[in-house]
Amino acid sequence: MAQQFSQERLRVRPSSREDAVVARAQEYFERTLIQVGGKPVGSMAALQHPGREGALNYDEVFLRDNVPVMLYLLLQGRHDIVRHFLEVCLDLQSSAYQTRGVFPTSFVEHDGRVLADYGQRSIGRITSVDASLWWPVLCWLYVRRSRDWEFGVSQKVQRGVQLLLDLVLHPTFEGTPVLFVPDCAFMIDRPMDVWGAPLEVEVLLFGCLRSCCQLMELAQKGNTSRLLDQRLLLTRAWQRDLRLFLLKHYWVTSKTLQVLRRRPTEQYGDHQHQNEFNVQPQVIPPWLQDWLEERGGYLIGNMRTGRPDFRFYSLGNALACLFGLVSAPQQRALFRLVLHNREHLMAQMPMRICHPPMEGDEWRDKTGSDPKNWPWSYHNGGHWPSLLWFLGGAILLHEQRHPSADVLLMGQMKAMLEECYWSQLNQLPRQQWAEYFDGPTGTWVGQQARTYQTWTIVGFLLLHHLLRVNPRDVTLLDINTP
């Protein structure tokens, strides 16, 4: 049962060291920047700890990890670094037959050569689908912020967009608009039973398609092309169908679950619309009754035939708000759910990546007894400081877009966000900017967590900028603005 959150147990005391902590974080951030071709291109995944040997691949530039990095650089006006990053990724876009159009998971320069990893060197040899879906989003945000329209309509960028669309918009044996992926294909990169159509991938696909449309519309203004017009129509239709599909099958509230519990099963023929995925009422977990509250709502983690994943995934839900996939009233329902369950999702170190964690036989069967994803750790209920800015951006963007909507709720969300900011400011410097935290309250530094993790550092800096420096800059995160 969710309990009333105790303010006394939360480490939110304002700190007189705020300016010093921010300055030190900025210093660490500058040290993460590395060069390709003699120019800064992005940040390595983590700074090397002075007392540790063997950096594995943490000295490489990961596309996923550099999402907050590129946004922070845009806010600083360092557009040249962002453009160089986008160009290097374009140069590395795969041309191999089986992976044509895929962007690299990571890259690094050695002896004058840029080496890319498309998954062939990762544990389990899984390609990161989210890396490819993030590139158009970052490209569109860069073009709009910098007003570098010439880059946006360049043949190089437009060709990269078309190659990516060829990869994701094609006929399959599946008639739904979702993108099917294997386990481990996004931020959750170890076995967690997230194969199929996981929320984060589908929301990123929505953002990717929207950004591709924005880039193609730029090219359309100065170029009459029947092929471009047809591709734009297809992409818009796919984006619309994807949104409708996710809102119909992934969005749940207390009311929709009660309807689902009473729907007929084992349907055949023309009446399957009542229960298209043949979901048995027994698979609906009892913890949802208190979790959802009366007016809460969220997007579930996955929808597979007879096997919906009702776990709450923080990143996918926050991105759905930022990208405008869920409506404004649905965003407020999500905020109510987060507020109601803040003891679980925020606790001592905001915020938890997914809830609830898998334990016991379920953990052994579905993770393969993964020692890194043991219950309450890493991706299995661990707490990731780098996720808070996504939710913070969603809250602040909603407040700007709908200033008079449910003022009491938004005031509570702003207060919670402020408390979470202080919680991170007070703890992260002492915990050496760790990658993730373990335990039901997120108090312990992750058992295998890297310290001085880039997206922990820059995620904090992004949130500081949006709360303290210029809250209006949150509009940078809105991909729907022309």
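User: Which residues of helix H15 are buried?

Analyst: They are Leu388, Trp389, Phe390, Leu391, Gly392, Gly393, Ala394, Ile395, Leu396, Leu397 and His398. Buried means under 20% relative accessible area (exposed is over 50%, partly exposed in between; 1.4 Å probe, protein chains only). The model is predicted: local features need pLDDT of at least 70, side-chain atom pairs count only at pLDDT 80 or more, and totals for chains, interfaces and linings use all residues. Numbering starts from 1 along each chain as its sequence is written, and side-chain values use heavy atoms, leaving out hydrogens and water.

User: Why is H15 called largely enclosed?

Analyst: Eleven of its 14 residues are buried, so the rest of the structure largely encloses H15. The cover over those buried residues includes helices H2 (66-75), H4 (129-146), H11 (314-322), H12 (328-340), H16 (407-427) and H17 (454-469). Helices are DSSP runs of H or I with at least four residues, strands are E runs of at least two, and both are numbered from the N terminus.

User: How do you know what span to expect for H15 (residues 388-401)?

Analyst: The expected span is 1.5 Å times one less than the number of residues. For the 14 residues of H15 that gives 20 Å. The end C-alpha atoms are 20 Å apart, which agrees.

User: Leu47 sits in a loop, between strands E2 (39-43) and E3 (61-62). Why is Leu47 called buried?

Analyst: Its relative accessible area is 6%. That is under 20%, so Leu47 counts as buried. Contact means heavy atoms within 4.5 Å. Leaving out residues up to four places away in sequence, Leu47 touches Tyr28, Arg31, Thr32, Arg450, Thr451 and Tyr452.

User: What makes Ser106 buried?

Analyst: Ser106, in strand E4 (residues 106-110), has a relative accessible area of 0%. That is under 20%, so Ser106 is buried.

User: What joins the side chains of Ser106 and Glu60?

Analyst: A polar contact of 2.7 Å. The term needs a pair of N or O atoms within 3.5 Å; within protein, one must be able to donate a hydrogen and the other to accept it, and residues adjacent in sequence count only if both atoms are side-chain atoms. Glu60 is also among the residues that Phe107 touches.
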